[in-house]
Amino acid sequence: MVNYIARRLIGILPVLIGITLITFFVIHLSPGKPTRLQAEMSPKISLEAREKLDKLYGLDKPVHIQYWEWVRRLARFDLGKSFVDDRPVSQKIGERLPVTIAINVLSLALIFLAAVPIGITSAVKEGTAYDRISTVFVFIGFAMPTFWLALLLMNLFGVHLGWLPISGIKSIDFEDYNLLEKFMDLARHLALPVFVSAFVGLAGISRYMRTSMLEVLNKDFIRTARAKGLPENIVIYKHALKNALLPIVTIIGLSIPGLIGGSVIFESIYAIPGMGKLFYDSVMARDYPVIMGVLFIGAILTLIGNLVADVVYAYVDPRIRVSGR
Amino acid sequence: MHIKISRFVGIFLFIVWGHAPLGWSQYGDAIVTASIGDASTLIPILASDSSSAEICGLIYNGLIKYDKNLNLEGELAESWEIKDGGLVIIFHLRKGVRWHDGEPFTARDVEFTYLKLIDPNVKTPYSGDFERVKSLEVLDEHTVKVTYKEPFSPGLSSWGMGIMPKHLLENEDLSSTKYARDPVGTGPYRFKEWKTGEKIVLVSNPDYYEGRPFINRYIYRIIPDQATTFLELQTQGVDQIGLTPLQYSRQTDTPFFRKYYRKYKYPSFGYAYMGLNLRDAKFSDARVRLALDYAIDKDEIITGVLLGLGRVSTGPFPPESWACNKDIKPVPYDPVKAKELLREAGWEDRDGDGILDKDGQKFKFTIMTNQGNDPRKTASEIIQRRLRDIGIEAEVRIIEWATFLSEFIDKGKFEAVIMGWSLSRDPDCYDIWHSSKTRPGEFNFVGYNNAEVDKLLLEGRREYGQEKRREIYNRINKLIFDDHPYIFLYVPDALPIVHERFKGIEPAPAGIGYNFIKWYVPKREQRYTRW
């Protein structure tokens, strides 16, 4: 097993180099310079001043030199500094991660809590009205534009009912609150964003769960279990579920990179300073170091997520381990 | 007797609370404003985006500023003298002004700010105006003498740049200093906190030289989505924003908004235009450009795009500016006249397909504008339709901003573009109109070249007297308007909305923000009292 993990880890390195190389050149291919955008087309900012800025940011050097310098910095665990405000990229990403991860973990938890039972029951009751209604329900969430649902809910709960705040993650007087008030304030602010992102993600997992459950229910050992007279509950929740959950383990592993990713539309609407907005703004401002930083961390997490999924899968399913050797 | 006294007190309190901000009782409350984007740095000479500039404006002071009627007045400089035909400016600085940390403000701070502005290792985009300074001498603690290489009148207003504290920033790298996110200035508000992407909070400076501002806290919330901002407005979650024309005329026309908010409207300091590439053979003929102006119905665009909340632009200066030539009348909508002019220029529909042609070439061109600006997109479509009426086929192309600038504007690869300028208060527009400013990346990208305008632009920069300058810029206004390098479209109105509890707002040519430190909320209407 250790051998297997070590081999996989070594295999990650060339993939990582490939990913950074391609992304670095691609983002430099997109037209527009960061210094030009910073100046926002203001006649007060002269061409000479902008040329000076290019030089100070090292943008006058050839792209391959710029890439080499980026890699050299990275070898010292330095992601560089943002062109927009000269702050370290790691710091800019670091301050946005907690809220992004919090929302993603909460909504992922909510998705699993809702989607697994929905998937199981609709598999067990395949073809019934319940199955059809739940299918329609999860697909409504899947198909509905996030921003539209978000705005409707904000209008309902924020403006008309006045139960929840419209946007942001904290109230203005948050610092003066006591612990309980702080917790309630955060919960009230996060309620809608978490609900919306969970609702739109429900379809995927519940359908996986349903398919995988259906597949298992048709297996011979289930027939055996039923034949030896076990109660239906035990057949489903002990024998079938254990096996049907296997593919879901893979999905959890693959969700790891998603935990740091955010949606720009969603974060803009709720005024949440998360990763999606950071990435989008960086792209629009051609803030190369930040773009590279986000993509690099995303790439690492994706590769590690794949590895974790494979390893866990091998661990819970002996069949894989045997053939993997 | 007892009753009389209490009645007297009652009347007194009524006067104090109900009318003017006389007593201590009017201090307090917070104002919450919303912005689409976050600031990037709070070092004034590095701040190039509007959010950073807005916050810097409250934390720092310049030597001079524009008053409510858009005339220059002293800020950190009490007064100034212009000598030697404009070569020398002597600033007499205000005494007794203190930085937020208590240190006195002196001429050394001005010198320090200047040296940073011209330092080649400082990432400031504003070095241009200051590189014309030959020397800056500190005559004494409160007097600074600036000598220019040649007279440069727009230079005076460049001293509105926020002055930075030497004692704190002297040994700092301005780009990465902690003071970029924890600034110390001399301005009416002190920095309190900045939560990236969330909010910036400022608190009033009790030591401010013009007196402590009445509103205790200034909260700058970052809400990237316009629809969200508007929902926040409906729950009174934000106090002040700029409205879109649609929000101004329709969505805020409800009993709720009439009760809780006040709307304001005044011309903004900018204009939208259709720029024509004068290097293009079609547009090098002045008759064609004039014909296009006749063919485009500016009023229709203002109605359609701004819902009437704007006015026709008549040249490179906004109507509120003293430089604007008030005698210029916009070119009226007259398609017949337009066709006549085009025929004179040789454009006629010879093959009967409805499109004008000349020497076998059809009159076709592309109007480009940037993505994310709906008014410009709508204006392009209206123009497209009107041009079709006179037999010109225009295609509209919307391009992402960065690509638009670098691939099309900078390289001169365009036929017509719809864009806008936001202007500084000084009318100097050398960089936009002088024939030397046509290199890639410079602002005269349409390739305008008029020897008389070139000469006048230089003269305008040498002259300090406003009357003399008015003459010069009025003439520039006329010349440029008659040449039609741009089809000047409209000056949009600024449409701020402010919660009704804020009193003391007095709209003036400069807008409403100029007397922000005098705004106040009567004690009993204050909303944010916990701090």
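Two strands pair if DSSP finds at least two bridges between them. Strands are DSSP runs of E with at least two residues, helices are runs of H or I with at least four, and both are numbered from the N terminus.

This is a predicted model, where local features need pLDDT of at least 70, side-chain atom pairs count only at pLDDT 80 or more, and totals for chains, interfaces and linings use all residues. Residues are numbered from 1 along each chain as its sequence is written, with chains lettered from A and ligands numbered from 1 in the order in which they are written.

**Exercise 1.** Find the partners of strand β21 of chain B.

*Solution.* Start with β13(B) (residues 266-267), which runs antiparallel to β21(B) over 2 bridges. Here Tyr266(B) has Ala494(B) as its bridge partner. Next, β14(B) (270-276) pairs with β21(B), also antiparallel, over 4 bridges; look for Tyr273(B) bridged to Phe488(B). Then take β15(B) (310-312), antiparallel to β21(B) over 3 bridges, with Gly310(B) opposite Pro492(B).

**Exercise 2.** Is β21(B) mostly buried or exposed?

*Solution.* Call a residue buried if 20 or more other C-beta atoms, placed from the backbone, lie within 10 Å of its own, exposed if 12 or fewer, and partly exposed in between. In β21(B) (486-494), 8 of the 9 residues are buried, so the rest of the structure largely encloses this strand.

**Exercise 3.** Describe the contact between chains A and B.

*Solution.* Residues touch if their C-beta atoms, placed from the backbone, lie within 7 Å. Chain A brings 42 residues and chain B brings 46. On chain A's side, α3(A) gives the most, with 7 residues.

Notes. Contact = placed C-beta atoms within 7 Å.
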